[in-house]
Amino acid sequence: MHRVLRAAAAATGRALSAAAVADAPLARRPRAPGWRATRWLCSGGGAREALNYDVVIVGAGPAGLAAAIRLKQLCRAADADLSVCVLEKGSEVGAHVLSGNVFEPRALDELIPKWREEDAPIRVPVSSDKFWLLTKTKAWTLPSPFDNKGNYVISLSQLVRWMAMKAEELGVEVYPGFAASEILYDENQIVTGVATNDVGIAKDGTKRETFQPGVELRENAGRITLLAEGCRGSLSEKIIRNHKLRESGQGQHQTYALGIKEVWEIEEGKHEPGTVIHTLGWPLDSKTYGGSFLYHLDDRQLAIGLVVALNYRNPFLSPYDEFQKFKQHPAIRKLLEGGTAIQYGARTLNEGGFQSIPYPVFPGGAIIGCSAGFLNVPKIKGTHTAMKSGMLAAEATFKALLEGSSMEQYWENLKKSWIWEELHKARNYRPAFEYGFIPGMALSALEHYIFKGRSPYTLKHGRPDHEATDMANQHAPIQYPRPDGQITFDVPTSLYRSNTNHEHDQPPHLRLRDPTIPESVNLPLYAGPESRYCPARVYEYVSDEKGDPKLHINAQNCLHCKACDIKDPKQNIEWTVPEGGGGPGYTVM
């Protein structure tokens, strides 16, 4: 019942490239042999094509690809055959993947023990590890709480492209450019797969000439769907809510941060491959949790970013402008002067840790990676835990399909794994900062140096991020300096560097549950915070023909960071997937 596959470039007019993992960061190069950029076509009539697989994985990030690879490894070892499909909404694998990233290879050592011999894009070992406390003009060196010996500075978008190639070599079918928009159920409310969204729908809901109906990717009877969408995955969040998985797990709500990142090419004399610097303090105020990172990669590249916890109180705070301000610090500016910014991006990350882990199993599947939330906050790392969770889910899936066991085994194995041990030891660092910067530093030092993660108590998180925003009348507006165009930049310039692109004539993927709330609540009470918490200026208030301010949504700017879905004070914005292939086009993030 499979229809003929055609290249997506021919079907949609897109040129989807492969981005071989090495070098030339901004060049889009041909796919290596074995890559498929494809779209399923239907034979008219508008009916959905239905395709069957044993395992459907949504998301080609580190968790999803680790799960796919592990499944196929188990199949080879047992001389079994399971069909495995990975859907990715980005135009190519890695296009929507953004991370710091200082990579801990523990999970990869388990998954592909000989990765060092297989041209993995992991080439720069950490050579030094610095920790600074910033004031407005000074950088004070503190004892580093990090242990990055044996870790590497990498581009995660390059790593997942390499992982996708390894998955395809094992027989996994990887399909970039397909956005899973719907969970499919049977009559017993058991998940049976996912459906991609229709493409070629105009803003007014009519079908354009390019219309193609979505595809249903269904499991064969009794098969499994794994959700690996990353932080705040739209389908994962629906599953978590509908099945009350948060309450069945560790019980506390998830907390988030927004990470904003640039990659620069800096002067040769300033480049120190493997140097890692983390900072706390300025420019954030004492009530706002966050920090920055500077990682020296190879080829004179420097990854620089700012992470701001989304439970910040001041509605006038703009994470984007705080990042631009951070780059003006004397210790940072001198590093960037004479260099060139080559890429920009932003993404939210989970910070809830151990207390916020949901029960990850639902009827018909499981949630893995950052969709569940396994980031280790004090380590500032989540790739290794995401990969390990995918591997554990794959092992449970394999046994469920071939031996008839329950997917409950994933949850049990998770609790016995080093993920659980690691996150339990790290559980009190993030909530310690609910009491402010100084108490947070003191409690963190106590955890790190005295209790070593074995404290007899477990701290709770504060209010959910969207409830943390104060009324505007409690704060004064923040006057940010104008960008200079050399070290600091306006949003349009940064967006250009993100390679973000969406089909303009399509229904909005950013939806207001109540279209009156922006003008009746957000603007008068919170001074329109959506115009500032979004790092792509998707939301802006403009005057209508009567001179009244109205919220305008520039959906084509969207970086898919999910900040709006998290931070809106009344949870009025729902982030949904646009047409597959839309969004940022990261190559070195």
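Helices (H or I, at least four residues) and strands (E, at least two) are DSSP runs, numbered from the N terminus.

I note that this is a predicted model, in which local features need pLDDT of at least 70 and side-chain atom pairs count only at pLDDT 80 or more, while totals for chains, interfaces and linings use all residues. Residues are numbered from 1 along each chain as its sequence is written, and side-chain values use heavy atoms, with hydrogens and water left out.

**Entry 1: the partners of strand 19**

I recorded strand 19 as residues 301-309, with 9 of its 9 residues buried. I then asked which strands pair with strand 19. Strand 16 (residues 256-265) runs antiparallel to strand 19 and is joined to it by 9 bridges. In this pair, I found Val263 opposite Ala303. Strand 18 (residues 290-296) is also antiparallel to strand 19, over 7 bridges, and Gly290 stands opposite Val308. Two strands are said to pair if DSSP finds at least two bridges between them. I also noted that strands 18 and 19 form a hairpin with 4 residues between them. In its turn, Asp299 has a positive phi of about 55°.

I looked up an open sheet and read its strand order as 5-9-6, with antiparallel pairing. Strand 5 (102-103) and strand 6 (124-125) are the edge strands, each pairing on one side only. Strand 9 (residues 152-153) meets strand 5 over 2 bridges, and Phe103 has Tyr152 as its bridge partner.

**Entry 2: two buried residues**

Is Leu82 buried or exposed? I found Leu82 buried, with a relative accessible area of 2%. Leu82 sits in the loop between helix 2 (62-78) and strand 4 (84-88). Leaving aside neighbours within four places in sequence, Leu82 is in contact (heavy atoms within 4.5 Å) with residues including Asp54, Arg223, Phe398 and Leu402. Lys72 is also in contact with Leu82; the two are 10 residues apart in sequence and 7.5 Å apart in space, C-alpha to C-alpha.

I next looked up Ser236, in helix 5 (residues 234-242). Ser236 is buried, with a relative accessible area of 0%. Beyond neighbours within four places in sequence, Ser236 is in contact with Leu227, Glu229, Ile367 and Ser371.

**Entry 3: the whole chain**

I counted 17 helices and 26 strands in the chain. The radius of gyration is 23 Å, close to the 25 Å that the globule rule gives for 589 residues, so the chain is as compact as a globular protein of that length. This radius is taken over C-alpha atoms, and the rule is 2.2 Å times the number of residues to the power 0.38. Along the principal axes, the C-alpha atoms fill a box of roughly 65 × 60 × 50 Å. Of the 589 residues, 61% count as buried. Among contacts with a separation of 6 or more, 77% join residues 24 or more positions apart.

Note on methods
Buried < 20%, exposed > 50% of the residue type's maximum accessible area, 1.4 Å probe, protein only.
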